[in-house]
Amino acid sequence: MNFRYAIFDMDGTLLDSIPYWERLASGYLADQKIEDTEGVDEALALMSMSEGAVWLKERYAIEDSAEEICREFYHRIEKNYAEDMALKPGVKEYLEQLKKQGIRMCLATASDVELGRPALERNGILPYFEFLLDCGMTGVGKTSPDIYLMAARWFGAEPEECVVFEDAAFAIRTASMAGFHTVGVYEASEHDLDTVKIFSNVYINSFEELLVNTEDRRKE
């Protein structure tokens, strides 16, 4: 797989952030002394923060407004990005490897890019990216290829010159169908692994595998 440009997802691909998102709602409810939280995180995983706040308020008759609940969600996850979230194994080493190879890189995330910026900076990988994009800039999520196409345009490239690194099955399928090369990245919470593998040109459990493969090729 030859490419000149690399487009990276953030959550679950570069950052080990999914567990924090998965516990966001149940953690909030625990602080509210509400114990009936079974299945709540799974339900909110399919919603935006604002949608989840409305759903949570209605289901549990919470006194705070949906806007206040949403703000609390944002502050909690903002703190996690700023203080807690770490890189997945091999990420920084692989980005350095691509830099040495002259590969141009960017970030394309469904999350608010300003929310994640402190984690990228704290973990020392922000300088590797020429630019940062999020789905708020396109108005649609990753069920549409718009964010990947925007990244290609900003690079001045065609989709077939780019590789997209993603962990989510639907996003990998979207990028693949739009003509991008794809690398599927293992994420423990991903339930559609078969789909991930079908639409990935390469599938990895860790970025460390790509480092090993490169060293192997040098020996051949």
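Predicted model: local features only at pLDDT ≥ 70, side-chain atom pairs only at ≥ 80, totals over all residues.
Cys135 has a relative accessible area of 8%, which is under the 20% cut-off, so Cys135 counts as buried.

A disulfide would need the sulfur atoms within 2.5 Å.

Now stay with Cys106. Is Cys106 buried or exposed? Its relative accessibility is 0%, so Cys106 is buried. Next, how many disulfides does the model hold? The count is zero. Cys106 is in no disulfide, and its nearest cysteine sulfur, in Cys162, sits 7.9 Å away.

Time to move on to a pair of helices. Select residues 49-60 for helix α4 and residues 66-83 for helix α5. Two packed helices are described by the angle between their axes and the distance between the axes. Here the angle is about 125 degrees and the axes are 8 Å apart, so α4 and α5 are oblique to each other. Turn the view to follow α4 past α5: the crossing is right-handed.

Show side chains where the two helices touch. On α4, pick Met49, Ser50, Gly52, Ala53, Val54, Leu56 and Lys57. On α5, pick Ala66, Ile69, Cys70, Phe73 and Tyr74.

Conventions:
Residues numbered from 1 in each chain as written. Heavy atoms only, no water. Buried < 20%, exposed > 50% of the residue type's maximum accessible area, 1.4 Å probe, protein only. Axes fitted to C-alpha atoms, helices over the stretch in contact; angles between N-to-C directions. Helix = DSSP H or I, 4+ residues; strand = E, 2+ residues; numbered from the N terminus. Parallel < 35°, antiparallel > 145°, perpendicular 65-115°, else oblique. Left-handed = near helix turned anticlockwise from the far one by under 90°. Contact = heavy atoms within 4.5 Å.
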